[in-house]
Amino acid sequence: MTSHLTQLARNNAWANDRLLAACVRLTPVEYAAHRTSFFPSIRSTLNHIHAVDRYYIDALTRGGLGAHAFYDAPDFTTAEALRPAQALLDQRLIGFCRSLLPGTETGDVITDRGAKGRVSERIDLVLLHLFQHQIHHRGQAHAMLAGTSVPPPQLDEYFLAFDGNLSGQGDGS
């Protein structure tokens, strides 16, 4: 299970980087433009992804920020500014998953829910929730990107040997 979680974290970083590399090519107007989705722009969607990642990665690594990790998250006005910050979080997540020893993934971590209190959660379930959250909102940003001058990148080819040329996971043959 720990190896699988590490692979999911690596896929997460790869997909974030591909999406943000495309978003860097947007004009500031396109990046911030009002669009139809759960969040009203590519900018706000990508900032939300970063804020939630910051919250859960801080909880998993026992960083001590608690709910402030989410509520005090920076607002990146450009994809150029967000890309290295997201990459840093993604590397922390990969490192965390790599550090898990077999059996420890079912241990508990405390999530600080602010006024709602502290909640004990299973580590593996927090990770699966985080990956699902990423996929959900990346898909929204990806769809919004289709309405800009920048074509959305391929994000769903990662794990198979056939797709290795895209993901860097295999030889692409």
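Analyst: The model is a predicted one.

User: What makes His 48 buried or exposed?

Analyst: The cut-off for buried is under 20%. His 48 has a relative accessible area of 15%, so His 48 is buried. His 48 also lies in helix 3. Apart from neighbours within four places in sequence, His 48 is in contact with Phe 39, Phe 70, His 133 and His 137. The C-alpha atoms of His 48 and Asp 75 are separated by 8.9 Å, and these residues are 27 apart along the chain.

User: How do you know whether Arg 35 is buried or exposed?

Analyst: Again the limit is under 20%. The relative accessible area of Arg 35 is 15%, so Arg 35 is buried. Arg 35 lies in the loop between helix 2 (28-32) and helix 3. Residues up to four places away aside, Arg 35 touches Glu 30, Pro 40, Ile 42, Met 144, Gly 147 and Thr 148.

User: And what makes Thr 2 buried or exposed?

Analyst: Thr 2 has a relative accessible area of 15%, so Thr 2 is buried. Thr 2 is found in helix 1. Among the residues Thr 2 touches, not counting those up to four places away in sequence, are Cys 97, Leu 100 and Glu 105.

User: Why is Arg 62 called exposed?

Analyst: Exposed means over 50%. Arg 62 has 56%, so Arg 62 is exposed. Arg 62 lies in the loop between helix 3 and helix 4 (68-71). Arg 62 also has a positive phi of about 55°, although Arg 62 is not a glycine.

User: What makes a group of residues a nonpolar core, and which residues have the most contacts inside the largest one?

Analyst: The members must be buried nonpolar residues joined through side-chain atoms within 4.5 Å. The largest such core has 22 residues, and those with the most contacts inside this core are Leu 60, Leu 93, Cys 97, Leu 127 and Phe 131. Helix 1 (2-23), helix 3 (42-60), helix 5 (79-99) and helix 6 (123-145) are the elements that give two or more residues to this core. A second, separate core of 17 residues includes Leu 26, Phe 76, Ala 79 and Ala 85. In soluble globular proteins, nonpolar side chains tend to be buried together.

User: Which residues does Leu 127 touch?

Analyst: Not counting residues up to four places away in sequence, Leu 127 touches Leu 5, Leu 60, Leu 93, Phe 96, Cys 97 and Leu 100.

User: How do you know that the protein agrees with a compact globule?

Analyst: For 173 residues, a compact globule would have a radius of gyration near 16 Å, and the protein has 16 Å, so the value agrees. The C-alpha atoms fill a box of roughly 45 × 45 × 25 Å along the principal axes. Of the 173 residues, 45% are buried. Of the contacts with a separation of 6 or more, 68% are between residues 24 or more positions apart.

User: What is the overall secondary structure?

Analyst: The protein has seven helices and two strands. Along the sequence the pattern is α-α-α-α-α-β-β-α-α.

Notes
Residues are numbered from 1 along each chain as its sequence is written. This is a predicted model: local features need pLDDT of at least 70, side-chain atom pairs count only at pLDDT 80 or more; totals for chains, interfaces and linings use all residues. Side-chain values use heavy atoms; hydrogens and water are left out. Buried means under 20% relative accessible area, exposed over 50%, partly exposed in between (1.4 Å probe, protein chains only). Helices (H or I, at least four residues) and strands (E, at least two) are DSSP runs, numbered from the N terminus. Contact means heavy atoms within 4.5 Å. The radius of gyration is taken over C-alpha atoms; the globule rule is 2.2 Å times the number of residues to the power 0.38.
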